[in-house]
Amino acid sequence: MSPRRQALRAPDKLVFLLSLVPYLIEQQVVGVDEAAVHFGVPEEQIREAVRLIAMSGLPGDTGTYQSNDLFDIDWDAFEEGDEIVIVHHVAIDEAPRLAAREAAALIAGLQYLAALPENADSSALASLMAKLRAGASAMPSGLAVAEPAADASLARIREAITGGRQLEFDYLNALGQGGRRRADPLRILSQDADWYLQAYCHTREDVRNFRVDRMSALVVTDEPVVDHAGLEVPETLFQGSSSDLDVVVDVAAEALPLLADYLADSSSQQVGDRLRVTLRLAHVHGLKRLVAGLPGLVTVIAPADARSAVAEWASAGLRGYEESSVPEA
């Protein structure tokens, strides 16, 4: 049964034409019936679109349309054989292509995604990687993505979530304090390059976020998770508390969106070429990592102990370079 005809609105018609033209150019020769099946529209709608394409183009330097400024169709093939052949096209003579390095970077990212348990044997990812290789301006370099140590932990956490089972694990927090935890896993979230488990912690009797790379000795227990139907689970990864520390920083305007999760409020003050804002963090130790992730873009202003903590941490890093021995050539 042929697709039922539906009237397209102007924006939808434009999107349809923008999709149809590259398709016709790539196919070179295609039947009206084949194109109709591909786009899921009636054959007559394809014919109307082809007639419209033949009246489209770009005006030349004179500002008026000349014969070479318009698309041209093989009308004999179209009217007698119901085939579409574009013999002259304008404006999109060269499709943009990714550079080899750009394609390689995207392929590396897709390889990492393909390695995650939920994407095992994903034909969609494999197809996309093949298209990136074929569409690049040159053959992309072969890259291998190292499997992060956290991947095994993620697989076990997903197993617990899927099976509705409690987790037990050793956890080392940002203060260097460790302990055994038992938790009901709720969901997995990511922030930049880090993965977090959001779970109901039976030790703390509240919802907590655990960084996956700080978890070890994970065990999926036989205990089912508790019913958390009435539990209020925060939508954001980080939530404020009355014990949080307010830290004043000067930040480059382009980096401000990266601090959105930590802003105490929406106010900011222009100070030179920077914006002065207040961040809310659980402790100064988290500030070290935050500043390291935005080198040269964030300056800690207050309080004094926060400035000292970051300065001492940076100095310790510099001393590490100074103490490294470099063999003489």
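What percentage of the 329 residues in the protein is buried? Buried residues make up 30%; buried means under 20% relative accessible area, exposed over 50%, and partly exposed in between (1.4 Å probe, protein chains only). This is a predicted model: local features need pLDDT of at least 70, side-chain atom pairs count only at pLDDT 80 or more, and totals for chains, interfaces and linings use all residues. Residues are numbered from 1 along each chain as its sequence is written, and side-chain values use heavy atoms, with hydrogens and water left out.

**Figure 1. Overview of the fold.** The protein has 9 helices and 13 strands. Helices (H or I, at least four residues) and strands (E, at least two) are DSSP runs, numbered from the N terminus. Take contacts (heavy atoms within 4.5 Å) between residues at least 6 apart in sequence: 57% join residues at least 24 apart.

**Figure 2. Surroundings of Val300.** Leaving aside residues up to four places away in sequence, Val300 touches Val247, Val248, Val249, Leu287, Val291, Ala306, Arg307 and Val310.

**Figure 3. Tyr262 in its loop.** Tyr262 sits in the loop between β10 and β11 (269-271). Tyr262 is buried, at a relative accessible area of 15%. Its C-alpha atom is 6.7 Å from that of Leu281, 19 residues apart along the chain.

**Figure 4. The Asp250 and Arg276 salt bridge.** A salt bridge is a side-chain nitrogen of Lys or Arg within 4 Å of a carboxyl oxygen of Asp or Glu. The Asp250 and Arg276 side chains meet at 2.7 Å, N to O. Asp250 lies in strand β10 and Arg276 in strand β12, so this pair ties together parts 26 residues apart in sequence. Asp250 is buried at 9% relative accessibility; Arg276 is partly exposed at 28%.

**Figure 5. Other salt bridges.** The whole structure has 9 salt bridges. Glu44 and Arg51 pair at 3.5 Å, N to O. Glu44 is partly exposed at 35%, and Arg51 is partly exposed at 38%. Shared partners join Glu43, Glu44, Arg47, Arg51 and Asp82 into one network. Asp213 and Arg211 meet at 2.8 Å, N to O. Asp213 is partly exposed at 46%, whereas Arg211 is buried at 10%.
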